[in-house]
Amino acid sequence: MSSRRSYLIRRVLHGFMALFIIATLLFFLFRLGLPDPTAALITEGLTPEERERIRASFGLDRPIWEQYFIYLANIVQGDFGYSFHYRAPVADIIWERLANTMILMLPAIVLAYGIGAPLGAWLSWRRGSRADTSGIFVGLMFRSAPMFWTGMIAILIFGIGLGWLPTSGMRTLPYEASGFLDKIFTLDFLHHLILPALVVALYYLGSPLLIMRNTMLEVYGEDFIEMARAKGLPERRILYAHAARNALLPVVTQLAVTIGLAAGGQVVVEVVFSWPGLGREILNSVRTSDFPLAQASFLVMAAFVITLNLLVDILYTMLDPRVSFK
């Protein structure tokens, strides 16, 4: 067995172990930290027997250890349980909300990294100039500004003041859609997507910009850059074809972590813009003590982060042959 294959198998096993630990922690944290979820289902006038029947219907009358093993067995089968609040399968709720979140977050992240990484490389080339100082200031400003503040300013200017863009939801109500694709491939949907996606993109812009700039400054001191200059290659070719390629590894790492965290959405953005995504659903599930929905939502987030970290490790071995498989 090759060292590369052994390395990948170890990383996959570590990922499954991490998911097991996270699933266990989520089970006990929600059971110990949240009130009785059946309180919202039990109305006045019910007899003690009827109340116990409601608890038994959700399996909450069983010992905690038995609930735990049932919970693990169901996860292995892809069954996340039944939502206390929505009275519907958790999997159906999560995949719909996750899809809504990703169609907001992915364009925003692509925009942020597509602009931030090349801009960071260019700023490193103009180090110490007025453009460099301005670029760093803008990146730090949007990264440091609370996202709810940026969102409200965007709503105030483009939604209320100018009236150019809608400020809430994914579509103008009422609307009918026969499927997911019919819901998003419309001008009305794109109109609703612009403002929240722009706010998210501005927030994430600073990370690739600053990481790329600082890494490029380190790469400029390497011997192969001096060799390229000695050959008489143009500075722009040295910048993008040689230095930028070798400075991409930290940006790739940050991108994978950002996409993984994006699976849970940006709760603040989804609340401010009334976007029906997974982040807002997590907040609602905790408020309503909906154990199955809350547990599954956080577990999906963890699975995204772990999977993307594994993909980053694989990309590292492709981008940098010096990476060890030990």
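**Entry 1: one valine to start**

I looked up Val200 first: Val200 is buried, and its relative accessible area is 0%. Val200 sits in helix α8. I also checked Val200 against Gly151: they are 49 residues apart in sequence, and their C-alpha atoms are 8.7 Å apart in space.

**Entry 2: ground rules**

I noted that this is a predicted model, where local features need pLDDT of at least 70 and side-chain atom pairs count only at pLDDT 80 or more, while totals for chains, interfaces and linings use all residues. Residues are numbered from 1 along each chain as its sequence is written, and side-chain values use heavy atoms, with hydrogens and water left out.

**Entry 3: the whole chain**

I went through the secondary structure and found 14 helices and zero strands in the chain. Helices here are DSSP runs of H or I with at least four residues, strands are runs of E with at least two, and the numbering starts at the N terminus. Of the 326 residues in the chain, 40% are buried.

**Entry 4: α4 against α8**

Two packed helices are described by the angle between their axes and the distance between the axes. I looked at helix α4 (residues 90-125) and helix α8 (residues 187-219): their axes come within 5 Å and cross at roughly 35°. Axes are lines fitted to C-alpha atoms, for helices over the stretch in contact, and angles run from 0 to 180 degrees between N-to-C directions.

Sorted by class, the contact of α4 with α8 has 26 nonpolar, four polar and one charged residues. In this sorting, Ala, Val, Leu, Ile, Met, Phe, Trp, Tyr, Cys and Pro are nonpolar, Asp, Glu, Lys and Arg are charged, and the others, Gly among them, are polar.

**Entry 5: salt bridges**

How many salt bridges does a search of the whole structure find? I got three. A salt bridge needs a side-chain nitrogen of Lys or Arg within 4 Å of a carboxyl oxygen of Asp or Glu.

Arg97 pairs with Glu96, and their closest N and O atoms are 3.5 Å apart. Glu96 is partly exposed, with a relative accessible area of 40%, whereas Arg97 is buried at 15%.

Glu281 also forms a salt bridge with Arg97, with the closest N and O atoms 2.9 Å apart. Glu281 lies in helix α13 (residues 278-287) and Arg97 in helix α4, so this pair ties together parts that are 184 residues apart in sequence. Both Glu281 and Arg97 are buried.

Next I wrote down Arg213 with Asp132, where the closest N and O atoms are 2.8 Å apart. That pair links distant parts of the chain, with Arg213 in helix α8 and Asp132 in helix α5 (residues 130-144), 81 residues apart. Both Arg213 and Asp132 are buried. Shared partners join Glu96, Arg97 and Glu281 into one salt-bridge network.

**Entry 6: a nonpolar patch outside**

I found a nonpolar patch on the surface, with Phe148, Trp149, Met152 and Val268 among its residues, and about 990 Å² of accessible area for the patch together. Patches take residues with over 30% relative accessible area and no salt bridge, joining like charges within 9 Å and nonpolar side chains (Val, Leu, Ile, Met, Phe, Trp, Tyr) within 5 Å. The areas come from the Shrake-Rupley method with a 1.4 Å probe, and for residues only the protein chains shown count as cover.

Which helix gives the most to the nonpolar patch? Helix α6 (residues 147-161) does, with seven residues. Trp164, another patch member, lies in the loop between α6 and α7 (180-184). Trp164 is exposed, with a relative accessible area of 55%.

Most residues other than glycine have a negative phi. I noted that Ser274 has a positive phi, near 50°. Ser274 is in the loop between α12 (267-272) and α13, and it counts as partly exposed at 30% relative accessibility.

Conventions. Buried < 20%, exposed > 50% of the residue type's maximum accessible area, 1.4 Å probe, protein only.
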